[in-house]
Amino acid sequence: MLKDKIVVIGGYGQVGQMICNDLAFFYPGKVFAAGRSQGRAEAFSRATQGRVEPLRIDADAGVDPALLSEVKLVIMCLDQQNSSFVQACIGQGIHYIDLSAEYRLLSQVELLHPLAVTHGATAILSVGLAPGMSNLLSLHAKQHLDVTEAIYISLMLGLGDSHGKAAIEWTVDNLRSNFTTMEQGKVIQHTSFADGRKTDFGNGQGSRTAYRFNFADQHILPRTLQVPSVSTRLCFDRPFITGLLSCLKRMGSLKLLNIPWIRDAAVKAFASMRIGNPMFALKVDAVGKKQDQPALVECFLQGVHEAELTAKAAAIVARKLYTSDMPHGVFHIEQLFTYDSFVEELREMVHMSSRLRIGTSPGSDQMTETSSLE
């Protein structure tokens with residue numbers, strides 16, 4: 001039986017629609033927008049003049065294997081409760097891409113590596129902005145150091161951008177949470193939206209104070225890149241909002257988000273907020289040594305409409321996975337790709353630059369040498 005279909009779970013959502021449209025341009029009639037709502041899937045299919053087909057799948061409820069018998073690739077745009085659906089796909093030799101930023105789920109999928117090897121499937125995780133581009137910039141930075149001691153990832157999101165409901169819910173839910181990471185081989189407890197660090201985002205964006213946030217990249221990169229300390233922080237393009245959330249966190253007021261109606265109100269408020277710009281900026285600082293001297297590699301990435309970047313990155317990975325023979329198993333994006341793999345197609349969407357600073361104290365004004373890495 002010919003396996004040539006591409007199924008996008010959450011394919012009629014904001015990011016899913018963009019992925020479907022991109023892939024349908026190359027593989028018309030092979031791409032299926034899937035989800036729990038047959039009506040929404042059919043409405044989107046009609047809007048594409050049938051280039052994208054509709055399909056009803058409830059990944060959380062379990063799927064009849066026959067429904068996936070002709071599927072070559074599944075792209076997951078929704079957060080899942082567990083890895084049972086992924087296991088079903090991999091068990092049928094179906095390639096898999098996941099856009100989730102939730103490490104709890106990704107860590108479960110990592111355990112399916114032996115199953116994927118056995119059944120000839122490739123699963124690629126950490127596809128998006130963070131995790132995703134943040135992983136690739138971290139790899140880029142590490143490659144320009146002889147020794148990498150720590151990586152600091154900072155993400156600034158524009159409050160004028162349009163984000164999908166699932167992404168907003170994930171952000172709101174993580175504002176109230178605590179989490180742990182491995183640093184220098186030890187388990188460290190963190191409070192979300194605390195432990196601020198000032199970061200220069202470059203390219204006219206200026207400096208902002210960003211706060212610890214539970215993005216998956218900081219859990220992944222210590223293992224995949226063998227870096228002893230990785231941290232990820234978040235801020236918004238309006239410093240007042242970032243500062244307000246930090247203040248509310250210190251006061252304990254964000255615990256009110258545990259009350260369902262307050263949590264739902266916060267989600268609606270973020271969804272309707274249009275007081276900033278539709279931009280994003282990603283900064284990676286890698287601290288270590290170069291030629292036996294203290295060194296710092298800085299990587300900058302700026303663009304607009306984060307959802308479009310996430311969709312484009314996913315579509316690029318999907319096309320490569322659909323058309324080429326890649327290693328079988330479960331991988332994060334930086335284990336199979338470099339940022340150079342995306343440069344040409346992202347050139348019109350983002351601006352990326354990086355520089356190496358060598359001197360007596362990374363981050364100080366006493367650096368003896370600064371050079372562009374482009």
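Accessible areas are calculated here by the Shrake-Rupley method with a 1.4 Å probe. On that basis, the protein chain of this predicted model exposes about 15900 Å², of which carbon and sulfur atoms supply 51%. Buried residues account for 55% of the 374 residues in the chain.

The overall dimensions come next. Taken along the principal axes, the C-alpha atoms of the protein chain fill a box of roughly 65 × 50 × 40 Å. The radius of gyration is 21 Å, and this agrees with a compact globule because such a globule of 374 residues would have a value near 21 Å. The secondary structure consists of 12 helices and 17 strands. Of the contacts between residues at least 6 apart in sequence, 69% join residues at least 24 apart.

Helix α2 holds A41. A41 counts as buried because its relative accessibility is 0%, under the 20% limit that defines the term. Leaving aside residues up to four places away in sequence, A41 touches Y12, A33, P54 and L55. L257, by contrast, is 216 residues from A41 along the chain, and the C-alpha atoms of the two are separated by 32 Å.

The loop that links α2 and β3 contains Q49. Q49 is a residue other than glycine with a positive phi, near 55°. Its relative accessible area is 63%, so Q49 is exposed; the cut-off for that class is over 50%. In the loop between β3 and β4 lies P65. With a relative accessible area of 49%, P65 is partly exposed. The C-alpha atoms of P65 and N82 are separated by 18 Å, the two residues being 17 apart along the chain.

Two further backbone features deserve attention. A130 and P131 are joined by a cis peptide bond, with omega about 5°. P131 lies in helix α6, which covers residues 129–142. F193 is found in the loop between β9 (186–191) and β10 (197–200). Phi of F193 is near 60°, a positive value in a residue other than glycine. Is F193 buried or exposed? F193 counts as buried, because its relative accessibility is 1%. Q49 and F193 thus both carry a positive phi, yet Q49 is exposed whereas F193 is buried.

Definitions and conventions:
Residues are numbered from 1 along each chain as its sequence is written. This is a predicted model: local features need pLDDT of at least 70, side-chain atom pairs count only at pLDDT 80 or more; totals for chains, interfaces and linings use all residues. Side-chain values use heavy atoms; hydrogens and water are left out. Helices (H or I, at least four residues) and strands (E, at least two) are DSSP runs, numbered from the N terminus. The radius of gyration is taken over C-alpha atoms; the globule rule is 2.2 Å times the number of residues to the power 0.38. Buried means under 20% relative accessible area, exposed over 50%, partly exposed in between (1.4 Å probe, protein chains only). Contact means heavy atoms within 4.5 Å.
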